[in-house]
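Here is a short report on a single protein model.

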Amino acid sequence: MPVRDLTPVDHPSYRVLTSDAFGGPPPDPEPRPFSPGEIPIGVDSSGLPGGVEGVIAAGARIRRDRLAWGEGATVACGGIGGVAVHPAHRGGGLFRELITAVLARCDAEGMPVSMLYPSNPSIYRRFGYQVVASLHSVIIPLLDLQQLPRVPGRRLVPVTEETMPRLRTLYRELTAGDNAMLLREGPLFPEGLPGEGWTALLLEDDAGTDHGYVSWNRVPSSERGYGLQVHELLGRTREDRIALLRSLSSWSTVLEQVCLRLRTDDPVLDVLPGAGARPTTDPVPLLMMRVIDTAAALEARRAPAGLAGSFHLVVEDSTVPEGTCRSGGAWLVSAADGAISAQPAKAADTTETADTAGTCEGTVRLGIHAASLLLVGGRRVADARRLGMDIEADAEAERFLDALLAGPRPSVLDSF
């Protein structure tokens, strides 16, 4: 069952496959290119038992994303979407072949990690993906926001084609220290304003320096119970977030409440003035990630200031055939002068001494799910242990790995 790159000619048949799997309008029957920011791959039905020409039996798209990787670093990521298998070819192992090819392609394209929003988490967990975050929204009564004080020295600016570059710059700056936030680069995120009713306001000081922004869509309140879907609210300081929340209270003349999408451990929760906020009743989307190249994922990070030393890391991955990607193996991981090095080592040899980074702290052995959880950053070895994941760690090596990967817990907002 060879997996190949899909071409513009394949676009209609692939869209038939995905619209049937996920719903949606009938696709355009004319051939057209896929997005230049994506790698579409698939399997022809014609090469399978009962298959026919012109039908895609299975397909997926790999997005060329980049993520914030803590401390101002970034990493390439294969964002997986549109994974579907034709009903005529389900149950024959085609999904496994497709996902194995996806992981191999991510590795070949230099993507140390991969992420996806799973329709069925247990299926993807079989292939080493691990839930690392969830996306939450809260409904906030506008009466609560009316209690917020006015913040002096701040004013609001409409976001237009002219001011949108300021918002994009501010987004990158305010999320640079996060883990797993999308950089929102082209061509996946084209320049200009998002469409479909998207609106935003910048928050600036009297000198014109940008301090934050809030974005939203107006939605029918009779259908959802709220009339404003706030996509994100980001500010430099606590006072900036208060000012942005207060700006939403001006909608109280026509609305009673708004819905706010949150990052993981979102600091905006610390400035809500009342106790009326409540979660939405919508399903909670989960975010899963997987290590593709362990050494590259580590070396893409910046070591915390002042951290020096090394330890042995062993990652075991039996979820895919050997050689599919570079997640499994053994490394001597060192930190010095703000940089991380991961040099190949022998898994059975834990007696190597460290190099100039300092004394070797011992060994950490992780199963692929623990590695996929921890190497995204913001979680401790104890967190993976509480989830029952495969972990063996010397005490000093565990403390060193925790210090190496310290930072905010992973969070993803997929669009403006």
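Does Cys77 count as buried or exposed? Cys77 counts as buried, at 0% relative accessibility. Buried means under 20% relative accessible area, exposed over 50%, and partly exposed in between (1.4 Å probe, protein chains only).

The model is predicted: local features need pLDDT of at least 70, side-chain atom pairs count only at pLDDT 80 or more, and totals for chains, interfaces and linings use all residues. Residues are numbered from 1 along each chain as its sequence is written, and side-chain values use heavy atoms, with hydrogens and water left out.

**Cysteines.** A disulfide is taken as a pair of cysteine sulfur atoms within 2.5 Å. By this rule the count is 0. Cys77 is in no disulfide; its nearest cysteine sulfur belongs to Cys106, 7.6 Å away.

Relative accessible areas are set out here.

| Residue | Relative accessible area | Class |
|---|---|---|
| Cys77 | 0% | buried |
| Cys259 | 1% | buried |
| Gly407 | 41% | partly exposed |

**Cores.** A nonpolar core is a set of buried Ala, Val, Leu, Ile, Met, Phe, Trp, Tyr and Cys residues joined through side-chain atoms within 4.5 Å. The largest has 64 residues. Leu67, Met289 and Leu404 touch the most other members. Helix 9 (residues 368-374) gives the most to this core, 5 residues. Helices (H or I, at least four residues) and strands (E, at least two) are DSSP runs, numbered from the N terminus. Another core lies apart, with 28 residues, among them Val85 and Val320.

Contact means heavy atoms within 4.5 Å. Beyond its neighbours within four places in sequence, Leu404 is in contact with residues including Leu298, Phe311, Val333 and Ile340.

**Gly407.** This residue sits in the segment after helix 11 (395-404). Gly407 touches Asn179 and Gly378, leaving out residues up to four places away in sequence. Its C-alpha atom is separated by 35 Å from that of Ser250, 157 residues apart along the chain.

**Pocket.** On a 1 Å grid over the protein atoms alone, a pocket is an open set of points where a 1.4 Å probe fits, with protein on both sides within 12 Å along at least five of seven lines; lining residues have an atom within 4 Å of a point. The largest pocket holds about 800 Å³ of space. Its lining has 35 residues, of which Phe22, Gly81, Gly82, Val83 and Tyr124 lie nearest the centre. Strand 4 supplies the largest share, 7 residues.

Technical notes: Grid points are joined across faces, edges and corners, and a volume is the space filled by probe spheres set on the points.
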